[in-house]
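Please open the model in a viewer and keep the sequence panel beside it.

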Amino acid sequence: MRMWLLLVVVCALAVGAAVTDEKLKSSQSDSGSWLMYGKNYSAWRYSELAQINTSNVSRLTPRWIYQTGAGQLQTTPLVFDGVMYATGSANRAFALDLLTGRPLWRYSKPVPEGVQGCCGTVNRGFAAQGERLFKMNAEATLVALDAKTGGVLWETKVDDYKKGFSATGAPLVVGNKVIVGIAGAEFGVRGFVDAYDVTTGERLWRFHTVAGPEDPVGRKTWGGDSWKQGGGSTWVTGSYDPELNLTYWGTGNPGPDMDGDVRPGDNLYTCSMVALDVETGKLKWHYQFTPHDVHDWDATEDPVLVDMKKNGVTVKALLHANRNGFFYALDRTNGKVLSAQPYTKVSWAKGIGPDGRPILVPGQDPTEKGNESCPGLGGGHNWQPTAYSPQTGLYYFGSTDGCELFYKHKQEYVEGLRYQNSTTEAVPNKRNEGSVLAVDPTTGATKWRLPLISSPSAGMLATGGGLVFTGDSQGYVMAVDARSGKLLWKFQAGGRVSGAAITYTFRGKQLLTLTAGEAIFTFGLPE
Amino acid sequence: MKLVTSVLVFGAGLAFAQGEPQNPYKNDPGAVEVGRGVFRISCSPCHGIHAEGGRGPNLTLGSYAAGDRDVDLFNVIMNGVPYSEMRGYAGMGPENVWRIVSYLRVAAKSVATEKLPGNTASGEKLFWEKGACGQCHRVGNRGGRLGPDLTRSGRSRTPQYLRESVISPDADLTPGYDTITVVTPEGKKIVGAQRGYDNFSAQLMDSQDNYHSFLKSEVTSIQREEKSLMPGGYGKMFSKSELDDLVAYLSSLGVAR
């Protein structure tokens, strides 16, 4: 009998060990795991788990803390089969035992001298398939690791870090493809979205987010040869609609950031949402949020896929809180704007017109002497992950609320060097603040706002327990009521809370994991 | 960068070698221009567009807290200063850090060595006596603790900035010196200079140098104002020549003589 039980256990483990395509497609219903960056292909970051809920969240206590020693953490950990997989800065990664938080293996690779990146060698996490894990390394390579050992299966050069390319985002696995984005728009790179074969690391397609000669229509939106340094990086993970077989990626700012004079035109497909055919990488549609951007308002914020009722009809929507201060709902079959409403103070546009273009306010561009514009360079909302709760029907994200002075400078392009031609400063005696927002995606109206002294530094997690989890740069982890925005629990974790919380079950109990400072914290209810 | 690497390797290989890493872009005009651009993006928010200081020290004086050699500047930009607002910028790559160093050398040269009109000794007397600045400010091991420590004010601020701070204390508040006013449930009002402030609490020092800490949920109100506790009126209290003397004194503090 014992032997029989053992066999059953072994079989169960063997079946559970591989992250299959089916598991990825049904990841929303697998509340025991966290299988991809955005929880599901729609990037909801919502878990049905409700053991931790509005009535008991105040009793949450730490189960274990793992000090990674891996610099600033922006990772969304993955969890499956009793193991957590997470990445750190500077090409570090680790597998942790869920029971104790102790490391099972660690991976590190020295970052080559000369790797730049605007904002450190941060990394936002793994993607998984089978027994493989995929991550970007800072020097713009894609590496596949054996989930059981951390050993390298293959490593592919995505592009040349000496030209200013770098990488920080978590990949997205669809079928036999690892789809990845790139960073480097502050260094005059030409951005793209790539797909690689999961088993060999061979590149299958590339979509250039800056239209060149192969795309005559888009090419016309770039004066002269400016497309060659056009930016448009793709540093936050996209989403995927299996029915339409499209993958959605937000694109970054045009280069150079604030001197638009050297790149006349709309600068397609920067500051846009692009819908790509997963098989070919061909562009199905695009929507440009900020034509000819001069404020560094990347459109890389999460593309969240929700089927929602609008005027009594179900529409396939894509939700997106843009850095430019507007919340958008797009029709994800064709890129048409369903609604666009400001969620914070906006000075540069009166609204979004019926043609989908912003109605510009004159005099908002950066100048040599500095010009005030709202929101500031970082937005509005930035890269921090967002959450959509089907329980409340609300969309949750953080925002910086205020303005900045934008400066424009002239600068010659030199390959591999920073090509930003700009800076910003705080507006004297006007302190920016922040908030956590809940927006009704059907109207774009803000349902509630939790005011904070600055933008939450962490992303959002929504749960079936009626909760939204986030955190701030002073080290507070917070749980708020998803319906009202009322603060229900806080914990001082001693370091900037980044990335976003995940939740899953272990031994039948719901746990919550997030990062603060250089540490990974796991919380649970008292036994 | 190869040059730097080889110098480092050379230095490590020969224990008796006295060489230190050298700036590969020393006197390179192209590097100065790139350094200027990088500086404007990464450094100017604290050190000012022209490196003349603001929230961070003035970097055009040619004399630096971290040391005055190129390698000292390189190390402090790469690694930052622990427990200060100056974080490390290794992420921008050593080449760019060397280019910033090259730019700073030019920026420092371009600022004329200013001969200040005031008398330092007279300014010191005014500081401690007529102005009673020492009630709240510390110089060395003397003075109060409520306001910013001025032991190194000559290194960290330009004379113009110091003059403005004396006349208009609110013009550019030193971060972390906001005024916090707390009203307790008993109706007691406590005013002090911010030592900590977050979404849920505030820590402050009162005029008697006592620390207080409050949870927002436990008091009637906590107000934070972006204004200084320093009284106004020094522009009227001091004559023009006295102000010159005071600025000369403050500008001398922390500067090698």
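Residues are numbered from 1 along each chain as its sequence is written, while chains are lettered from A and ligands numbered from 1 in the order in which they are written.

**Chain A as a whole**

The mean for chain A is 94, and 97% of its residues reach 70 or more. Residues 5-15 of chain A have a pLDDT below 50, and beyond near neighbours in sequence this stretch has 0 contacts in the model; two residues are in contact if their C-beta atoms, placed from the backbone, lie within 7 Å. Where pLDDT is low, the predicted coordinates should not be read in detail.

Switch to a cartoon: chain A holds 3 helices and 38 strands. Here helices (H or I, at least four residues) and strands (E, at least two) are DSSP runs, numbered from the N terminus. The radius of gyration of chain A, 22 Å, is close to the 24 Å that the globule rule gives for 527 residues, so chain A is as compact as a globular protein of that length. That radius is taken over C-alpha atoms, and the rule is 2.2 Å times the number of residues to the power 0.38.

**The hairpin**

Strands β5 (residues 92-97) and β6 (residues 103-108) of chain A run antiparallel and are joined by 5 bridges; two strands pair if DSSP finds at least two bridges between them. A95(A) stands opposite W105(A). The two strands form a hairpin with 5 residues between them, and G101(A) in the turn has a positive phi of about 80°.

**The interface**

At the interface, 19 residues of chain B are in contact with 24 residues of chain A. On the chain B side, α2 (29-42), α3 (44-47) and α5 each supply at least two residues, and α2(B) gives the most, with 5.

**The core**

Which residues touch the most other members of the largest nonpolar core? Among its 169 residues, they are A127(A), V178(A), Y396(A) and V468(A). The largest share, 7 residues, comes from helix α5 (residues 94-110) of chain B. Such a core is a set of buried Ala, Val, Leu, Ile, Met, Phe, Trp, Tyr and Cys residues joined through C-beta atoms within 7 Å. A residue is buried if 20 or more other C-beta atoms lie within 10 Å of its own, exposed if 12 or fewer, and partly exposed in between, with C-beta atoms placed from the backbone.

Centre on A127(A): leaving aside neighbours within four places in sequence, its contacts include M36(A), F134(A) and V178(A).

**Backbone exceptions**

Most residues other than glycine have a negative phi, and most peptide bonds are trans. Select the loop between β16 (246-250) and β17 (272-277) of chain A, where Y269(A) lies. The peptide bond from L268(A) to Y269(A) is cis, with omega near 0°. C271(A), in that loop too, has a positive phi of about 50°. Is C271(A) buried or exposed? C271(A) is buried, with 30 other C-beta atoms within 10 Å.

Finally, select N311(A), in the loop between β19 (304-310) and β20 (313-321) of chain A. Its phi is near 55°, and N311(A) is exposed, with 7 other C-beta atoms within 10 Å.

Definitions and conventions. This is a predicted model: local features need pLDDT of at least 70, side-chain atom pairs count only at pLDDT 80 or more; totals for chains, interfaces and linings use all residues. pLDDT is the predictor's confidence in each residue, from 0 to 100.
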